[in-house]
Amino acid sequence: MQPIVHDDRDVRGPSRRTLLTGAAGLAGLGLLTLTGCSSGAAAGTAALPEAAVTGATRAGGRLRVARPAASAAETLDSASSLSAYEYLGALYNRLVRLDEQGTTVPDLAEEWSANADGTEWTFRLRRGVRFHDGARFTADDAIASIRHILDEATASPQAGVLGEVMDASSMTAVDPHTLRFALTKPNAEFPSLLTAYQCYIVPAGAVADIGRTGIGTGPFRLSSFTPAGAGSVEAFEDHFAGRPTLDGIDFFSVQDTTARVNALLAGQVDLISQTNLDFATARVVAASDRATIARSTNAQWYTIPMLATSDEFADPRVRQAMKLAYDPRTIVDTALQGTGAPGWDNPVPPQLAAFVDEHREHDPDKARALLRAAGAEGLRTSIYTSSYESVFTPMAVAYRDAVADAGIRLTIRNASADSYYTQIWMQKPLMVSYWFTGRPIDQLLNQIFRTGSSYNESAWSNPTFDTLLDDARAEMDDAKRRTLYQDAQRLVVEDGADMTPMFGDRLVGLSRDVVNYSEYGFEFDWLRIGLRR
Amino acid sequence: MNVLVPALRRLGIAVLTVVLASLFVFLAVQALPGDVAQQLLGQNATPEAVQQLRATLGLDENVWLRYLQWLAGAAHGDFGTSLVSGEPVAPTLLTAFRNSMLIALPAMLVGVTLSLALGVLAGVRRGRATDRIVSTVSLLVMSVPEFMVATVLVLLFAIGLPVFPAVVLRGSDATVAELLPTVWLPIVVLTLAMAAYILRTARSSTIDVMASEFVTTAELKGLTMRRVVWKHALPSALLPTLNVIALNVAWLLGGVVVVENVFNYPGMGKLMLESVSNRDLPTIEAIALLSALVYVVCNLAADLVALALDPKLRTRQRRTRTRPVRSTRKAHA
């Protein structure tokens with residue numbers, strides 16, 4: 001599972017899957033009522049719960065998780081792009097992590113500071129932390145882990161991000177609990193780059209075979225692991241933040257979404273990870289006696305990239321018209337049935353501290369005028385979608401209908417989910433796509449919007465924007481830096497080529513016995529999650 | 001001699017079929033967009049990452065060359081290693097095939113027996129209540145796709161009444177003992193899915209035979225109905241049904257993709273789905289080879305049984321006195 005990327009579940013047999021889910025939903029609606037399974041409210045009208053149950057848990061117990069494994073090539077090496085995502089947070093810790101507002105907070109590092117121009121960062125590391133094999137955690141382990149990410153042979157997705165400001169020789173252990181980074185260029189947001197889920201810390205001596213051993217400092221230690229198969233982790237008594245609530249977790253690979261839902265409804269598993277359930281299925285789950293739904297707020301960031309290098313969208317006026325022509329609130333209402341927030345083409349999730357809370361106008365007449373000025377009145381083109389994600393097609397249809405007022409005529413084209421991200425993405429002028437939210441502000445803007453970045457899905461290039469990002473990195477004053485990020489957001493809204501119609505809540509299926517489920521971005525609270533007393 | 005020549009010819013055709021199947025599957029995989037590296041990396045497939053992974057997997061070599069090497073290896077019984085997991089293909093495939101057998105063989109035994117019995121019964125009692133019930137039910141079962149049947153059964157017997165597990169959780173690691181509680185629902189689904197077709201063919205061919213002259217003769221001779229059916233009608237009625245049985249059995253043994261997927265059942269169908277979506281050529285080719293082999297063997301078996309049941313087929317080349325009743329009728333139809 002590559003969470004930074006997409007849920008892989010739909011890559012395998014898309015159209016059939018949609019069909020299956022639909023059928024399961026339909027059958028479920030009828031049969032659950034028939035067999036007296038539904039609890040009170042009819043399945044079709046049940047509201048989706050907002051948050052997971054919190055409160056007292058029973059001590060111990062095992063949680064059973066059904067996960068969509070990416071492939072038999074998956075590994076426990078967090079630096080790899082083929083990592084088995086669910087295990088990582090249970091097994092390992094990073095130096096730093098993100099809180100819900102996107103602020104960098106301590107994990108294995110207790111505090112950090114920089115010199116005046118942000119080129120030298122010193123991290124003071126937590127003392128008395130032990131790895132699962134009993135070894136003490138020191139600065140050398142952190143250095144080895146980060147070198148492993150930078151190593152070309154690892155081909156880590158985070159290598160480019162870190163490699164821009166540092167290399168393997170940038171790190172020194174001042175003493176066993178002090179780690180110093182001498183960066184190649186100033187970066188005021190450097191600690192946030194270490195919050196990525198590729199940056200987990202492993203013992204220096206275990207880097208070579210970490211993909212199988214999974215030795216870390218996390219709340220659980222590995223007891224078994226099979227790529228694309230089953231695996232288990234057990235509570236680690238010596239975890240520095242205390243023992244986790246659960247005794248252990250069993251992970252099972254279930255590739256088909258319907259099968260995962262069936263396993264949950266039949267009581268074979270307690271949680272379905274990395275799966276955004278479609279509305280029909282979510283209602284069936286919420287109406288059942290055994291299971292319910294929890295939302296991971298704004299976890300899905302939906303985008304409509306316009307390829308800035310294409311004939312259609314090279315003109316900034318056309319791109320602006322494409323935005324002015326629609327009201328994202330209608331898209332949220334139709335495509336997400338209200339389970340999300342309008343994006344107003346600002347890619348920064350509303351929960352982040354750096355989010356600029358102002359939105360552009362919705363003005364179809366102005367859009368029409370802009371198109372006329374650009375010589376593109378009555379623009380006709382195709383918008384590509386796929387069954388890769390259940391919201392894609394509803395979103396494409398809602399967008400098409402919304403922009404019709406401005407005289408824009410879009411034809412929906414459905415592409416195979418199997419090759420959507422190899423044949424359509426970054427190749428067709430207009431398509432729908434999504435990311436998982438969870439990137440810190442600096443990485444989000446640099447990775448997806450900066451000129452020439454390999455994840456810049458709209459191929460947008462704006463020198464002013466790039467300069468703003470550079471200025472922000474050189475600005476050590478937090479308030480001033482935030483202002484620069486806000487200017488950058490305004491520029492994306494105004495001139496950018498990647499539209500953000502909305503942020504969607506992830507609809508997570510879990511058993512009614514699960515207590516204290518909490519997940520945002522790439523952070524999962526494995527320490528506190530437990531089972532009902 | 002007479003039997004040997006057609007048998008050898010069939011064997012030759014069989015080998016050719018298997019090799020051609022492997023070639024066509026290879027071409028089909030080439031026609032699919034993306035390779036292993038791109039499929040595995042998804043949106044993380046930056047040019048550098050793809051190149052790195054390709055080098056690791058040895059994909060830089062010419063793809064035709066890799067296919068020929070694989071084919072040469074396969075001829076010697078070496079099916080190569082999976083591009084995704086790095087494990088040898090043969091043991092993985094054999095485990096998956098064994099798991100598929102675990103649901104396919106019982107489904108086949110029950111399905112074929114049940115459907116033949118009911119089909120002949122319905123055919124003999126054509127137009128009566130028994131026939132109407134059997135025909136209607138089989139038509140119904142045939143019209144509902146098997147994933148729907150599977151979903152309904154899961155809802156009834158795993159979720160509503162938790163008698164059976166809904167899915168196999170342990171995946172390809174599961175031992176036979178671990179699989180046993182989970183095989184029942186897939187078996188029922190497969191039995192229903194295949195039985196309906198065989199039943200309807202058996203019924204219509206029984207009706208055909210019962211209306212033919214030799215059965216009328218046998219009846220006029222004063223034989224009991226039981227004797228007419230068992231001794232005269234049944235062998236002739238089975239002939240056209242044989243090929244339908246062969247196809248259904250091959251379909252079952254080849255791993256049933258949709259059914260296995262719904263139950264997360266670690267059989268050959270699921271392995272095929274995964275390897276195709278990952279473009280794992282050695283695994284896909286090995287599966288194609290095994291499936292082609294299963295089809296060829298099933299059809300060969302059907303032909304041999306037909307040979308045994310019908311002397312006309314054995315001797316058609318030398319004798320010409322066969323009455324062309326059927327073909328004439330068809331020509332006029």
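Modeller: Let us begin with Asp345(A), which counts as buried, with 25 C-beta neighbours inside 10 Å; here a residue is buried if 20 or more other C-beta atoms, placed from the backbone, lie within 10 Å of its own, exposed if 12 or fewer, and partly exposed in between. Before going further, please keep in mind that this is a predicted model, in which local features need pLDDT of at least 70 and side-chain atom pairs count only at pLDDT 80 or more, while totals for chains, interfaces and linings use all residues. Residues are numbered from 1 along each chain as its sequence is written, and chains are lettered from A and ligands numbered from 1 in the order in which they are written.

Asp345(A) is not a glycine, yet its phi is positive, near 65 degrees. Its place is the loop that runs between E13 and H11 of chain A, where helices (H or I, at least four residues) and strands (E, at least two) are DSSP runs numbered from the N terminus. Trp344(A) belongs to the loop between strand E13 (340-342) and helix H11 (364-373) of chain A, and Trp344(A), which is not a glycine either, has a positive phi of about 50 degrees. Trp344(A) is buried as well, because 21 other C-beta atoms lie within 10 Å.

Chain A contains 16 helices and 21 strands, and 59% of its 533 residues count as buried. Its C-alpha trace spans about 70 × 65 × 35 Å along the principal axes. Contacts in chain A (C-beta atoms within 7 Å) between residues at least 6 apart in sequence join residues at least 24 apart in 72% of cases.

Strand E1 (residues 62-67) of chain A is one covered element, since 5 of its 6 residues are buried. Strands count as paired if DSSP finds at least two bridges between them, and E1(A) pairs with E10(A) in the parallel sense over 6 bridges. Within that pairing Ala66(A) stands opposite Phe252(A). E1(A) is also joined by 2 bridges to strand E11 (residues 271-272) of chain A, again in a parallel run, and there Val65(A) faces Leu271(A) as its opposite residue.

Another group of strands in chain A is arranged in the antiparallel sense. Four strands form an open sheet in the order E4-E5-E7-E6, with strand E4 (109-114) and strand E6 (171-175) as its edges, each pairing on one side only. Neighbouring strands of this sheet are turned by 25 degrees against each other on average, direction ignored; axes are lines fitted to C-alpha atoms, for helices over the stretch in contact, and angles run from 0 to 180 degrees between N-to-C directions. Helix H3 (residues 139-150) of chain A packs on the sheet and touches E5, E6 and strand E7 (178-182) of chain A, and its direction makes about 175 degrees with that of E6(A).

Chain B has 16 helices and 0 strands, and buried residues make up 42% of its 333 residues. Where the chains meet, 48 residues of chain A are in contact with 45 residues of chain B. Helix H1 (14-34), strand E10 (248-253), helix H7 (257-265) and helix H13 (420-424) of chain A each supply at least two residues of the side of chain A that touches chain B, and H1(A) gives the most, with 7 residues. By class, that side of chain A has 24 nonpolar, 19 polar and 5 charged residues; Ala, Val, Leu, Ile, Met, Phe, Trp, Tyr, Cys and Pro count as nonpolar, Asp, Glu, Lys and Arg as charged, and the others, Gly among them, as polar.

How values were computed. Two residues are in contact if their C-beta atoms, placed from the backbone, lie within 7 Å.
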